[in-house]
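Dear colleague,

I am passing on to you the structure that we talked about, and below it I have written out what was found in it. Please keep the sequence and the model open beside this message as you read.

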Amino acid sequence: MPPHKLPISIHALLFLFLLCLLASTSHGRRISVTRSNSNTSSAVYLWPLPKHFTHGEQTLSVSPDLTLNLQGVAHNSSIVQEAFERYRDLIFKSWAHAGSTSDYDVSTLNVLVSSDNETLQLGVDESYTLYLGRKQSGSIVDGATIEANTVYGALRGLETFSQLCVFNYDTKAVEVYNAPWYIQDEPRFAFRGLMLDTSRHYLPIHVIKEVIEAMSYTKLNVLHWHIIDEQSFPLEVPSYPKLWKASYTKQERYAVEDAYDIVDFAKKRGIHVMAETDVPGHAESWGVGYPDLWTSENCTMPLDVSKDFTFEVISSILSDMRKIFPFEMFHLGGDEVNTDCWQNTAHVKEWLTEHDLTTEGAYQYFVLKAQQIAIDLNWTPVNWEETFDNFGENLNPQTVVHNWLGPGVCPKAVEKGFKCIVSNQGVWYLDHLDIPWEKFYTSEPLEGINNTEHHKLVLGGEVCMWSETADTSDVQQTIWPRAAAAAEKLWSPLEATAVYDLNQTVLPRFQYFRCLLNNRGIAAAPVTNFYARRPPIGPGSCFEQ
Amino acid sequence: MDCISNTRSRLCFVLLFGNFLSSFVSVHGLNLWPMPKSANHGSNTIYLSTNFQLSSHGSNYSDGSGILKEAFERMVNLLEADHTTNSKFPNFSVLAGVNVVVQSPDDTLNYGVDESYYLNIPAKGSQLYAQIEAKTIFGALHALETFSQLCYFNFTTKVVELHAAPWTINDLPRFPYRGLLIDTSRHYLPVPVIKSVIDSMTYSKLNVLHWHIVDDQSFPLEIPSYPKLWDGAYSYSERYTINDATEIVRYAERKGVNVLAEIDVPGHTLSWGVGYPFLWPSQSCREPLDVSNEFSFKVIDGILSDFSKVFKFKFVHLGGDEVNTSCWTTTPHIKQWLDNHHMNESDGYRYFVLRAQNIAISHGYDIINWEETFNNFGDKLSPKTVVHNWLGSGVAEKVVADGLRCIVSNQDKWYLDHIDANWQGFYTNEPLTNISNPAQQKLVLGGEVCMWGEHIDTSDIQQTIWPRAAAAAERLWTPFDKLAKDPEQVASRLAHFRCLLNKRGVQAAPLFGFGRQVPSEPGSCYKQ
């Protein structure tokens, strides 16, 4: 659509110009910590903090009949249109449209997207600029404008826009304070993940979608779906239709179409779904449908390394999954492999001897063979760190090492040229209820990596919601608000989050964001409880708990 | 039960030992919650058309407000439970839709509205339609809920199935008042959260949301007549506009749920004085409301006047519990006033409650008061009073013996904030205990489970309410002779209902243990 090109570039130039004018005061750290009940509060309550922003002192009113003016080559994008509808519903009370006829400062939100390529891949451009000011006649900078290179950047901008819209209880209108706003934003890390575990407890599709929705509020962008583990195998695998016999019940299952639906739902929020099959350990449930995968009836883990059938099944699972999960990364697990069953089962032991393999050697053999299957399907393999710790030098060079046991692994992995994801359990495991939000917040993914050339090998980080004690009843309150603390660490520039005295600088804004999650119906737990997921200690304001 | 491995045998042991699990994971059983008055079924499986239709041949209800259409669409969404259904369903035994026949054209949700329904689901024939017949639209809504609970998504065929057809169900509630209290003063609950609580109430056919709006800690609601009252909110944004309240009532009524608003006077009112300090006996003694000041009653009148435009339910709740009158006797001007009127502080309490009752009556309300009012001066209460039990058992029988109406909420069994009250206790708590006279039985309007909010906010409200509130809901809905004497007999069915709530996104906690327990270990929803 050539006619749209020119205005976009003019807008972009103008944005840059405005940003330069105001850039001297534009760093993320510059936030006021005072909070007041007044609607003229000068504090900045955005989460995560944008890379650059400036603001003024005006108050703008926003029309409840706000319309989207989607321009540029993506002007038909249903992803943006649907997102706009979602955010409009979040911003305005359901009764707000009744009867008011007054003039509003903002009645149209302009969204300009310069690419119509909606492919969602790791590192997709999520940057955006947001201008929010009074509409001026004769100015090409209209009242409210989001510019982005991709629709996914536009989604991030819409989220930020929604957080600037505040309901005024006196005028009963939605307003934007401290306008005009100029925001230029992009993520620090490309991979900002949250792991869900649907094997220890089944999570209904509705619940998974609600988690995805909440992720989008914090600009997290990877749902790591730990689908299967020892306890249950809930996913349909058409090639081996007996695998999901190991679902807890016939109702606690995901059909292939359900998985497609989840991937599609996530994509519409700019969120990748990284699927996992954790091999060769954590796979006991596989043998319910196919007992040959067990080394024997009474020794059921890890998967039988000696049988070709084992790798046929893995290959088929991955082939089936490849159709569902377009994300370029696939998680193969590889953690906590106890090889005793291999040692103790006659036919496996024999096979080991034949192939001149120790059990450790067989573990490596298994992982590398599984990696090759994934690579042949055009996937980048991700493995838990034990694989690197045990035989890192032999891992496929494409491997992404997924840290979890403790600090210091990514520095070693990137030193060897591997990419890495940080999930150090001491700070980023959500099932560890004794980790306070401050630890989630202050955990620095690049710690210990001095060679800046290696920084880009750290793709980002991920918080993990292992669900031995998490089901529909408590999963959201265990995830939030702590996952949001990590989300800011992964999104905002280092200098914005490397602050001292969190209670002064970050806590009020973090509490505000937790209340925002509550207002959107997300069961985020109180911020200041000593243990996560605990009920509020007594009556009080959301903003102070 | 299949215990697939050694490592899982521990779980198997626990389950067998706990005698908790029988064969209820089967999708064929009668897993309705609450249990209908009568339900007969066959043994055929039929399949729901992916183009499931609503029709209303023979109905007098025009659905001008879209209540039925919306309810039907909600139900279809729930049936599919986010699954993608296969459009190549079998070409036999297909249920094409549901025909809803409603007698009354009126969709005003009055107290005691007829909630009965008849549901018939055929098993054989072409162009099968389920038939729902109800006196009012609100009976039809219950029928749709029942229907939805008969349907299962078959993960293999990707078709929504209905087992054990044909079905004939006749149903009506045992009690007209089946309530749940929420408390938005101890913690503010955002409007979407209140709406989700209302949604979840309809799944167990509860029909009254008792909104304890205001208390000591905060005054979140806008009162146009006295616009400074909501200065007592926790914060600028932890508030409800009057439009929010209107929207909540509208939302609830369209789902067959009445909203009972409460202002608790004269105690539990500290937050009122933030905006109007004259309501306090003095700056240093702030509760109860100043009985000697006409302004106290003017404000109550203003509030109830505003309420009457928003809360259309027959009843308003005036609280009246836990009144500590020591501020009245220690504050000179009030002590003087009491003396002048030849009252002691107990008389002052009675005077206050009765005067507030009269104000409510003048705005067209019947009154509900907590039981202390009855315990202290029951003979003086307006005959329009409904006494709301909470302190313990044995109150209802005295109330109805005195000819007053009663709602049961004895705290030992039906207070949801009592985390150690288990679902078995919720299930077995009988509102008509020791009341055998049919005329007196009629005076027990029903019961209510109470979710006091000291430790309840958005993060944990649903998991604290459910599934225990559902156990009480069956007690209040199902005919007495169909209720299980031993709650363990319904454990599997309640577990099934809890999983249904989960599937619908409601954060209902495991049945095992006390309220709000997290699951203790990995396992199936149906077994925890």
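Helices (H or I, at least four residues) and strands (E, at least two) are DSSP runs, numbered from the N terminus, and two strands pair if DSSP finds at least two bridges between them. Strand E1 (residues 38-55) of chain B runs parallel to E2(B), and 5 bridges join the two. E2(B) is also joined by 7 bridges to strand E4 (residues 128-134) of chain B, again with a parallel run, and in E4(B) the bridge partner of B:Val101 is B:Glu133. Strand E2 (residues 94-102) of chain B is mostly covered, since 9 of its 9 residues are buried, where buried means under 20% relative accessible area, exposed over 50%, and partly exposed in between (1.4 Å probe, protein chains only).

**How to read the numbers**

Residues are numbered from 1 along each chain as its sequence is written, while chains are lettered from A and ligands numbered from 1 in the order in which they are written. Because this is a predicted model, local features need pLDDT of at least 70 and side-chain atom pairs count only at pLDDT 80 or more, whereas totals for chains, interfaces and linings use all residues; side-chain values use heavy atoms, with hydrogens and water left out.

**Confidence**

The predictor gives the complex an ipTM of 0.92 and a pTM of 0.93. Chain B averages a pLDDT of 92, and 94% of the residues score at least 70, pLDDT being the predictor's confidence in each residue, from 0 to 100. Over residues 1-28 of chain B, however, the pLDDT is below 50, although this stretch has 46 contacts in the model beyond near neighbours in sequence; contact means heavy atoms within 4.5 Å. Where pLDDT is low, the predicted coordinates should not be read in detail.

**The sheet in chain A**

Chain A holds an open sheet of 8 strands with mixed pairing, in the order E1-E8-E4-E5-E3-E2-E7-E6. Its edge strands, each of which pairs on one side only, are strand E1 (52-54) and strand E6 (165-168) of chain A. From one strand to the next, the twist averages 30°.

Which strands flank E8(A)? E1(A) pairs with E8(A) in the antiparallel sense over 3 bridges, and strand E4 (residues 128-132) of chain A pairs with E8(A) in the antiparallel sense over 5 bridges. In E8(A), the bridge partner of A:His52 is A:Gln184, while A:Leu132 stands opposite A:Trp181. Because 5 of the 5 residues of strand E8 (residues 181-185) of chain A are buried, this strand is largely enclosed by the rest of the structure. In a regular strand the side chains alternate between the two faces of the sheet.

H18(B) is mostly covered, with 12 of its 13 residues buried, including B:Phe497 and B:Leu501. What covers these buried residues includes helix H4 (205-218) of chain A, together with elements of chain B such as helix H3 (137-149) and strand E5 (151-154). After H18(B) comes B:Gly505, whose phi is positive, near 90°.

A nonpolar core is a set of buried Ala, Val, Leu, Ile, Met, Phe, Trp, Tyr and Cys residues joined through side-chain atoms within 4.5 Å. Of the 159 residues in the largest such core, A:Trp286, A:Phe325, A:Trp480, B:Phe147 and B:Leu162 touch the most other members, and the largest share of this core, 8 residues, comes from H4(A). Apart from it lies another core, of 158 residues, among them A:Ile183 and B:Leu501.

Finally, A:Ile227 is found in the loop between strand E10 (222-226) and helix H5 (256-267) of chain A, and A:Ile227 is buried, with a relative accessible area of 0%. Not counting residues up to four places away in sequence, A:Ile227 touches several residues, including A:Pro234, A:Met321 and A:Phe325.

With best wishes

Key: Axes are lines fitted to C-alpha atoms, for helices over the stretch in contact, and angles run from 0 to 180 degrees between N-to-C directions.
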